[in-house]
Amino acid sequence: MPGPPPGPAGDRIAGNLAAFTADPLGFLARCSREHGDVVSIGSRNVLLTAPDDVERVLVDRAGEFAKSSPRTRRRARKQGFPRATMNSDGAVWRSKRARLGPVFARGLVVLAAETAGAEARRIAWPEGAEFDPAPAAARLALRSITFLLFGAAASDRDADAVGRLVHEIMDLSVSPYVLPSWVPTPGALRMRRALRDVSEVVAKARRGDAPVLSALAGADDDEMRDELATLVLSGYETTKNAILWTLHLLAAHPEAADRAAAADSFADAVVREAMRLYPPAWLTSRETLRDVELGGFAVPADTTVSVSQWVTHRDPRWYPEPHEFRPERWLTGADRPRGAYFPFGLGPRACIGAALATAEAVAAVTCLCARFRLLPGDAVVRPRPALSLQPEGLRLRVAVR
Ligand code: HEM
């Protein structure tokens with residue numbers, strides 16, 4: 001009979017929660033280093049770091065894992081957007097994904113690259129002095145997603161309305177006190193105003209020919225709201241952070257920036273390597289539907305199993321000198337297990353916007369490297385594991401080429 005996985009859990013669950021909250025990335029990396037590939041990190045909570053386990057959990061052919069369980073569904077319903085593709089399961093998810101999937105295929109990917117390139121050409125960075133590149137990257141990512149979801153007629157004002165809604169939702173999701181939405185707190189009032197503005201953007205766009213909205217044509221207002229909110233939420237911050245981390249790394253590696261400006265294939269390797277070192281999505285979870293055995297350990301039903309891009313992407317077994325930025329890793333067909341790299345997840349529930357986000361980041365980075373020589377700022381940059389991994393403290397300097 002296999003036993004439970006080792007780990008720092010024991011009866012010090014409160015202590016682990018505190019350690020995780022204080023430094024999630026450090027805690028996860030330490031757990032894997034000290035306890036191995038299958039670690040009990042808390043009550044009904046297991047971390048898996050070996051590529052084979054990552055693949056087994058995310059690609060799941062045996063029906064052992066699901067995105068949600070009855071326990072987590074109850075929580076999700078309270079937290080919002082239950083009718084989005086991202087938050088559905090089973091047959092409901094299948095039909096939603098089949099409806100949305102084709103829209104995110106080729107056509108929208110080409111458009112994403114064009115939009116991001118055009119937005120990157122509008123960026124005016126000051127020469128010489130140190131500055132924060134986040135506002136420009138945020139504007140680029142927000143305008144791109146608004147344009148892609150709501151169609152070519154979407155204006156800068158529409159993008160601002162979408163941006164306000166995203167920030168209200170993010171504020172709400174980190175707020176420790178989630179009050180019912182009818183309580184007229186300043187936040188709730190701002191949220192209601194932001195939702196109303198975005199409803200107007202949607203109503204206007206529905207009269208146009210935006211492909212995503214056409215695919216959602218039969219949806220009622222609630223479903224439309226859930227779908228669009230999760231698409232914007234999952235597509236905006238992540239892509240913005242992927243672009244920022246790439247710029248951060250290129251500022252420290254000018255020879256890679258020169259090559260990225262000259263060749264799309266190298267820019268692609270640069271973005272891949274940036275998402276290996278600084279994966280915007282740093283933790284992905286599933287729920288066990290029955291008792292399972294993982295890496296020789298027993299994991300009971302109704303347990304959250306997490307895989308961490310942050311931990312697995314920096315494992316020296318798959319990446320020699322794992323902390324070094326080496327885009328060249330991606331130019332040769334290295335023999336690496338599939339589950340060793342999963343910035344967009346893997347399997348049927350992998351990111352619907354993966355190709356789109358990559359095209360957007362590559363186009364933006366190529367254009368910016370061609371226009372500017374990037375130089376690092378003086379401050380120390382720290383990965384901040386919010387909903388998406390942010391480069392806290394990032395400053396750049398540029399010289400116009
Ligand atoms: C660099 C940018 C992005 C990263 C790192 C990222 C990451 C991810 C990851 C890891 C998942 C899988 C989660 C899981 O397995 O539980 C996912 C799912 C998803 N992503 Fe992204 N994403 C990005 C951009 C986008 C964009 C641009 C969109 C759409 C506009 C998008 C929409 C979605 C949706 C709808 C799902 C759920 C798919 C499903 O459940 O069938 N993402 N993303």
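Modeller: Let's start in the loop between β6 (297–299) and β7 (304–307), where aspartate 302 lies. Helices here are DSSP runs of H or I with at least four residues, strands are E runs of at least two, and both are numbered from the N terminus. Please keep in mind that this is a predicted model, in which local features need pLDDT of at least 70 and side-chain atom pairs pLDDT 80 or more, while totals for chains, interfaces and linings use all residues. Residues are numbered from 1 along each chain as its sequence is written, and side-chain values use heavy atoms, without hydrogens or water.

Colleague: Why is aspartate 302 called partly exposed?

Modeller: Its relative accessibility is 26%. Buried means under 20% relative accessible area and exposed over 50%, with partly exposed in between (1.4 Å probe, protein chains only). So 26% puts aspartate 302 in the partly exposed class.

Colleague: What makes the phi of aspartate 302 worth a remark?

Modeller: Most residues other than glycine have a negative phi. Aspartate 302 has a positive one, near 65°. Arginine 44 also has a positive phi, near 50°, and is found in the loop between β1 (38–42) and β2 (45–48). With 43% relative accessibility, arginine 44 is partly exposed.

Colleague: What joins the side chains of serine 69 and aspartate 302?

Modeller: A polar contact of 3.4 Å. The term asks for a pair of N or O atoms within 3.5 Å, where within protein one must be able to donate a hydrogen and the other to accept it; residues adjacent in sequence count only through side-chain atoms on both sides. Serine 69 sits in the loop between β3 (65–66) and α4 (70–79). Beyond residues up to four places away in sequence, serine 69 touches Glu287 and Asp302, contact being heavy atoms within 4.5 Å.

Colleague: How do you know whether serine 69 is buried or exposed?

Modeller: Serine 69 has a relative accessible area of 2%, so it counts as buried. Valine 299, in strand β6, also has 2% and is therefore buried. Among the residues that valine 299 touches are Pro5, Val46, Thr288 and Val305.

Colleague: What makes Cys351 a donor to the iron atom of the ligand?

Modeller: The SG atom of Cys351 is 2.2 Å away from the iron and is the single donor from the protein. Donors are N, O and S atoms within 2.8 Å of the metal (3.2 Å for Na, K and Ca); water is not among the atoms, so sites may look incomplete. Cysteine 351 is in the loop between α14 (309–312) and α15 (354–371).

Colleague: Which helix gives the most to the lining of the second largest pocket?

Modeller: That is α11, with eight residues. Helices α8 (156–174), α9 (186–206) and α11 (221–252) each supply at least two. The lining divides into 14 nonpolar, one polar and four charged residues. Here Ala, Val, Leu, Ile, Met, Phe, Trp, Tyr, Cys and Pro are nonpolar, Asp, Glu, Lys and Arg charged, and the others, Gly among them, polar.

Colleague: Why is alanine 229 called buried?

Modeller: Alanine 229, in helix α11, has a relative accessible area of 9%, so it falls in the buried class. Apart from neighbours within four places in sequence, alanine 229 is in contact with Phe81 and Ile169.
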